Amino acid sequence: MWKINGQLLQLVAVLTATLCAISDGMQYAWTAPMIPILQNPESAFSVTHTDIIWLETIYMIGGLAGIPFIIYGVNRFGPKITILIGTVLSIISWIMKAFAPSTVYFYVARFISGFAANADFVAAPMYISEIADKNVRGFLGSSIYLMMLLGIVIIYSVGPYVSILVSSAVGCSFLVVELLIFPFMPESPYYLISKGKVEEAKRSLRLLRPTSDSIDQELEGIQSNVRARQEDTKKRHFTDLITMKASRKALTIVTTLNFAQHFSSYSVILMNLHMILDYAESSWGSNESAITFSAGMLGAALFSSFLVDRAGRRILLCGSSTLAGLSIVTVATFFAVKHAGIDITDYSWVPSASTLCYAVFFKCGLGLIPIVLTAELFPSDVKAMGMALASAMYSVSSAASTYLFHYLYEAYGMHVPFYVFGVCCFLTTLFAYFYIPETKGKTLAEIQVILNSSTTTKQTKSDIQIVLSK
């Protein structure tokens, strides 16, 4: 009985904790189906090109502003309460969008939703990793990103066909369910231990584990882990990310890959897909193509989650970046020919097909590996600071790429930004091949040895064993 209840409770806790990720996926891609609705002559809103740029970038500005508050919330209130705070903020955002009398309300709502989204990428992964059994931690941990992709599928499938009020109600419904169920889920035993609540942590573990045989042993391990983490936090400063060789390499890799993700056109396509396909006059239809695009990303993410520990990080990253680059260059070439005034009606299917290929190739490596490497590369004593900075870089690079796209598109034509994004993909391939170490099958200690070595991509297994034995 305990086995069924413990495993089932873990699953329910993870599912309810990640319902906010469905909403966040809908918020992230919201502008793609909504901008054509707002620009419709019959719309009650007057939306300019500047408004479009701000509606896209202010979401990321909100995400950047929310990082220190989310980190404070996790340390002060714990991941569970922080997730609930993010859920309430997201509900407020959807309500503002549903009843917005002017575009200013959309600005504020987008900022709030970006602010709250940090709960998905900081508090929720922390909560899941701290309540999950070690045998299913990886599987449960990946659910948050799959839920986000599901949210993108939903907004692309619903948004173009209903009013803003209805689509907002759909997004809000997931959060209401989370708000009704998640408060009854167990708190993280790690957080409870950090606050000196040992008995409460023990009760939490009894609820979450299939058997009670090894709870005392796990509790001792958690206490040791928390003590070590608290001591490391006291000893380390933010500057250690730069002064320590391993953390400096990790920071360089993670920052570059965060920029590479967005400068491969990810955020640009996600937030502007309907507009891009309408501009291309695609024969497939922008709404239908967008649904196929998001479904392709979801399927590729599921597939690549099984590949990452079998094929390896570097080969997936190199292959993904190269193929994604070819897809984007194909889109750019189509727009260049169109810009030159050549009739390409017979090839109007190319942008839809190419963006679909990009979705699949991107999620098979470039859209997945940076998340994995962020968790693997940073030394444990600066991991929290490193992951917070990585989250900030994610927001900055997304906002920068969308601004660059709109600027180049208005100044030189649609083809120019896509050629830039294609080149960035190919540069990412070179960076991954020559600079990023292969972490497949390596322990976290072995990864730190590789990062501290002078031969990042050529460190042999025997070299690692020699260093570790010293």
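Visitor: Which residues line the largest cavity?
Guide: The largest cavity is lined by Trp284, Ser289, Thr292, Phe293, Ser352, Thr355 and Leu356. On a 1 Å grid over the protein atoms alone, a cavity is a set of points where a 1.4 Å probe fits but cannot get out, and lining residues have an atom within 4 Å of a point. Keep in mind that this is a predicted model, where local features need pLDDT of at least 70 and side-chain atom pairs count only at pLDDT 80 or more, while totals for chains, interfaces and linings use all residues. Residues are numbered from 1 along each chain as its sequence is written, and side-chain values use heavy atoms, with hydrogens and water left out.

Visitor: What volume does the largest cavity have?
Guide: About 30 Å³, where a volume is the space filled by probe spheres set on the points, and grid points are joined across faces, edges and corners. The count is 1 cavity of 30 Å³ or more.

Visitor: And which helices supply at least two residues each of that lining?
Guide: Helix H16 (286-311) and helix H18 (350-363). Helices here are DSSP runs (H or I, at least four residues), strands are E runs of at least two, and both are numbered from the N terminus.

Visitor: OK, stepping back, how many helices and strands are there?
Guide: The protein chain has 23 helices and 0 strands.

Visitor: How much of the chain is buried?
Guide: Buried residues make up 54% of the 470 residues. Buried means under 20% relative accessible area, exposed over 50%, and partly exposed in between, using a 1.4 Å probe and protein chains only.

Visitor: What about helix H19, is it largely enclosed or open, and why?
Guide: Helix H19 (residues 369-377) is largely enclosed by the rest of the structure, because 7 of its 9 residues are buried. Among them are Ile369, Pro370 and Glu376.

Visitor: Switching topic: how many salt bridges are there?
Guide: The count is 1 salt bridge, meaning a side-chain nitrogen of Lys or Arg within 4 Å of a carboxyl oxygen of Asp or Glu. Lys338 and Glu281 form the pair, at 3.4 Å from N to O. Lys338 lies in helix H17 (residues 313-339) and Glu281 in the loop between helix H15 (266-280) and H16, so the pair ties together parts that are 57 residues apart in sequence.

Visitor: Are those two buried or exposed?
Guide: Lys338 is partly exposed at 24% relative accessibility, and Glu281 is exposed at 58%.

Visitor: Where does Asn118 lie?
Guide: Asn118 is in helix H6 (residues 103-131), and Asn118 is buried, with a relative accessible area of 3%.

Visitor: What does Asn118 contact, leaving aside its neighbours within four places in sequence?
Guide: Contact means heavy atoms within 4.5 Å. The partners of Asn118 include Gly62, Gly66, Ile70 and Ser391. Asn118 and Ser391 are 273 residues apart along the chain, yet their C-alpha atoms are separated by 8.3 Å.

Visitor: Last one: which residues make the nonpolar surface patch?
Guide: Val423, Leu427, Leu430, Tyr433 and Phe434 make a patch of about 540 Å². Patch residues have over 30% relative accessible area and no salt bridge, with like charges joined within 9 Å and nonpolar side chains (Val, Leu, Ile, Met, Phe, Trp, Tyr) within 5 Å. Areas come from the Shrake-Rupley method with a 1.4 Å probe, and for residues only the protein chains shown count as cover. Leu430 sits in helix H21 (residues 415-435) and is partly exposed, at 48%.

Note on methods: On a 1 Å grid over the protein atoms alone, a cavity is a set of points where a 1.4 Å probe fits but cannot get out, and a pocket is an open set with protein on both sides within 12 Å along at least five of seven lines; lining residues have an atom within 4 Å of a point.
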